[in-house]
Amino acid sequence: MPTRSLEQDRQYLEAAAEFGPALDRLARGYEADADLRRDLRQEIHTALWRSLAKFNGRCSLRTWVYRVAHNTAASHVLKHRSRRAFVGLEKLGDVAGDDDPERSAVQRNAVQRLLVLVQELKPADQQLTLLYLEDLDGAAIGEITGLSPSAVALKIHRIKAMLARRFQQGGDHGC
Amino acid sequence: MAADPQDPKTLWQDQEPEADLVTLEQIHDFARRFDRKTRFTPAGVALCILIVGFITGQMWLGAHDTLHRATTILFAAGQVGCYFLIYRVLFPSRDPAEPVSAYLRRRMVGRLSYLRGGLSVVLLPLAPFVLVGGYQVLSRSDRPLWVKLLPFALMAATMVFVTVRARTGAKKMSAQLRELDELMKH
């Protein structure tokens, strides 16, 4: 129906403008391979556009966008599971850079370490970690994942400890 | 106070967006291609039904007694059962914005069931046909016993190989699923 399609386009553009960069980061967190990551981004954006035909405001647009994106990415991860084991740093060389070369070198190294950490995680932990890194609070993470506040709090506590521990370790040698 | 540049959250959110944008035109194109593929599915199903109908008709015309006719009916009924199960596996009803852990759990359960040999469940409706057909071949054919048994032995060996291979891959998935269940129960 043309009216629905125009409304769907409008909602999609609104969502893409607000959450586009977060969706890019989400795709990076799930997929290290550049070609597969491009496919995943396209899948996520298409799934989001298609889903908006059913968006009825029963939850916020943010919750809807993250749910659709993570669900699409989870399917992608399960589909390519046999290929995934360990992710090499060389795969991460094509993450978009910064204009300032000095800042870029240090920053990229740290970001790559962070990406490897996230990509090594199991899907459920990966989802929670990515939402935590996007600075969503426990209630929002609970709404998106469907987990209880206590389960989210417990997991976030573990994620924080893991990031602090492993990031500190990597920081000593990585830069 | 300025954010710590080495803080994981800051590092994460300071990443540059991807250079190539996904445009609305591209999305429309992907959606159109997907819809086109979806439209082929009923055509594929119709073709399969036609082929099965033709084979059933041939079997029915060649049936000389009750056992042959029963085999034919079991074949047709088994095919209908298979289609129903395949349809449910291929096109599960789904909510695009289902809570993330529920969706992940559903996908993991599906994958685990597949790894544990769940695909053979889809072929289960054909089991009566195979049994009756097998009995028919064994009891009526004049060929040596080993020739009569060979197809069944091959079928059994293939099923054992596929099941054992898949089950080893299922162990890791099973552990992850248990962990997710624990988290969802918490």
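Reply: H2(A) and H3(A) are oblique to each other. In this predicted model, helix H2 (residues 34-51) of chain A and helix H3 (residues 61-79) of chain A have axes that come within 9 Å and cross at roughly 135°. An angle over 145 would have counted as roughly antiparallel, so this pair falls into the oblique class. The crossing of H2(A) and H3(A) is right-handed. On the H2(A) side, the contact is made by Leu40(A), Glu43(A), Ile44(A), Ala47(A), Leu48(A) and Ser51(A). H3(A) contributes Val65(A), Val68(A), Ala69(A), Thr72(A), Ala73(A) and His76(A). By class, the contact of H2(A) with H3(A) has 8 nonpolar, 3 polar and 1 charged residues.

Ile44(A) deserves a separate word. Leaving aside neighbours within four places in sequence, Ile44(A) is in contact with Ala69(A), Thr72(A) and Ala73(A), and also with Leu23(A) and Ala27(A). Ile44(A) and Leu48(A) also belong to the largest nonpolar core, which has 51 residues. Both are among those with the most contacts inside that core, together with Leu26(A), Ala69(A), Ala73(A) and Leu131(A). In soluble globular proteins, nonpolar side chains tend to be buried together.

H2(A) also packs against a helix of the other chain. The axes of H2(A) and H2(B) are 9 Å apart, at an angle of about 80°. That angle lies within 65 to 115, and H2(A) and H2(B) are therefore roughly perpendicular to each other. Here H2(A) uses Gln42(A), His45(A), Thr46(A), Trp49(A) and Arg50(A), which meet Gln26(B), Ile27(B), Phe30(B) and Ala31(B) in H2(B). The residues of this contact divide into 4 nonpolar, 4 polar and 1 charged.

In total, 33 residues of chain B are in contact with 49 residues of chain A. By class, the side of chain B that touches chain A has 20 nonpolar, 7 polar and 6 charged residues.

Buried residues make up 12% of its 186 residues. Of the contacts in chain B with a separation of 6 or more, 78% join residues 24 or more positions apart.

Technical notes:
Residues numbered from 1 in each chain as written. Chains lettered and ligands numbered in written order. Predicted model: local features only at pLDDT ≥ 70, side-chain atom pairs only at ≥ 80, totals over all residues. Buried ≥ 20, exposed ≤ 12 C-beta atoms within 10 Å, placed from the backbone. Contact = placed C-beta atoms within 7 Å. Axes fitted to C-alpha atoms, helices over the stretch in contact; angles between N-to-C directions. Helix = DSSP H or I, 4+ residues; strand = E, 2+ residues; numbered from the N terminus. Parallel < 35°, antiparallel > 145°, perpendicular 65-115°, else oblique. Left-handed = near helix turned anticlockwise from the far one by under 90°. Nonpolar A, V, L, I, M, F, W, Y, C, P; charged D, E, K, R; others polar. Core = buried A, V, L, I, M, F, W, Y, C linked by C-beta atoms within 7 Å.
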